[in-house]
Amino acid sequence: MQAENTEPSSASVPRHTQPTKTFFGLAQDARRPGFSRPVFNDDYVARFPEDSYGQETAPNARAWRVYVEEAAAFDENMIGQSRDGLDVMLVFAGLFSAVVTSFLVQVSQNLQADFSEISALLLHDLLLVQLAMVDGATVNVTTPSINPAEKFEPDVIDVWINGLWVVSLATSLVVALAAVLVKQWLHRYMTFPSGTPGLRSHVRQFRFMGLQKWRVRIIIGMLPIIMHISLTLFFAGLALF
């Protein structure tokens, strides 16, 4: 008895005329209703005409046009993230500086003599003397309760609180100032002059080299750290308050 052939025939095996297309590594069916694949027009050979012989580095050459397109996408991604973080940091630093200033105005009065309290003590001594004279008692001239001529020495805790909050306010103002300056620099960086693609490419590269030379991205990354230090100093002073 001959064994039955269980293998499917070649006629039953579906044949694909083209390989399965993928989108971000996932197989997609272009014939599925409602599915639309985004079109990435990154074929610069088709977008920009070929340069004539000897014009490969001309001001309007294809190389400069491609550079401008790629640099614009890179800069928009890089500057956009930094600009959003700077906006949040600038608002927070401004509000925090206002809060620290309100606290500092109150505690700074403890670093100098309270002349209203001195006046009240002297008036109390004078009132005791006048009452003694009215009663006919003997008035003994003694040392007053307080001597206005003495040098005022503030409490050590008050000195520490004022010192911590002054440094906290100074650092938050430094963060706000740095955020404003960096935002102006980034705005200038993204503003290109009108001209040929070659000129725009050179200007962009010059500014990008300046961004790397002055460590602008490192400065942006240091601003939150400085702001955290300012918060720590404020809470340390608040714990002593």
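Two salt bridges are present in the structure, a salt bridge being defined as a side-chain nitrogen of Lys or Arg within 4 Å of a carboxyl oxygen of Asp or Glu. The structure is a predicted model, in which local features need pLDDT of at least 70 and side-chain atom pairs count only at pLDDT 80 or more, whereas totals for chains, interfaces and linings use all residues. Residues are numbered from 1 along each chain as its sequence is written, and side-chain values use heavy atoms, with hydrogens and water left out.

In one of these salt bridges, R204 pairs with D75, with 2.8 Å between the closest N and O atoms. The pair connects distant parts of the chain, since R204 belongs to helix 5 (residues 197-213) and D75 to helix 2, at a separation of 129 residues; helices here are DSSP runs of H or I with at least four residues, numbered from the N terminus. R204 and D75 are both buried, where buried means under 20% relative accessible area, exposed over 50%, and partly exposed in between (1.4 Å probe, protein chains only). F74, which is also found in helix 2, is partly exposed at 40% relative accessibility. When residues up to four places away in sequence are not counted, F74 touches R204 and F208, contact being taken as heavy atoms within 4.5 Å.

A salt bridge is likewise formed between the side chains of K183 and D87, at 2.6 Å from N to O. Because K183 lies in helix 4 and D87 in helix 2, this pair ties together parts that are 96 residues apart in sequence. K183 is partly exposed, with a relative accessible area of 26%, and D87 is also partly exposed, at 32%.

Helix 2 (residues 62-107) and helix 4 (residues 156-190) pack at an angle of about 155 degrees with their axes 8 Å apart, the axes being lines fitted to C-alpha atoms over the stretch in contact and the angles running from 0 to 180 degrees between N-to-C directions. The two helices are therefore roughly antiparallel to each other, a description applied to angles over 145 degrees. The contact of helix 2 with helix 4 comprises 24 nonpolar, six polar and five charged residues.

In helix 6 (residues 216-240), S230 is buried, at 0% relative accessibility. With residues up to four places away in sequence again left out, S230 touches F96, S168, T171 and S172.

Conventions: Parallel < 35°, antiparallel > 145°, perpendicular 65-115°, else oblique. Nonpolar A, V, L, I, M, F, W, Y, C, P; charged D, E, K, R; others polar.
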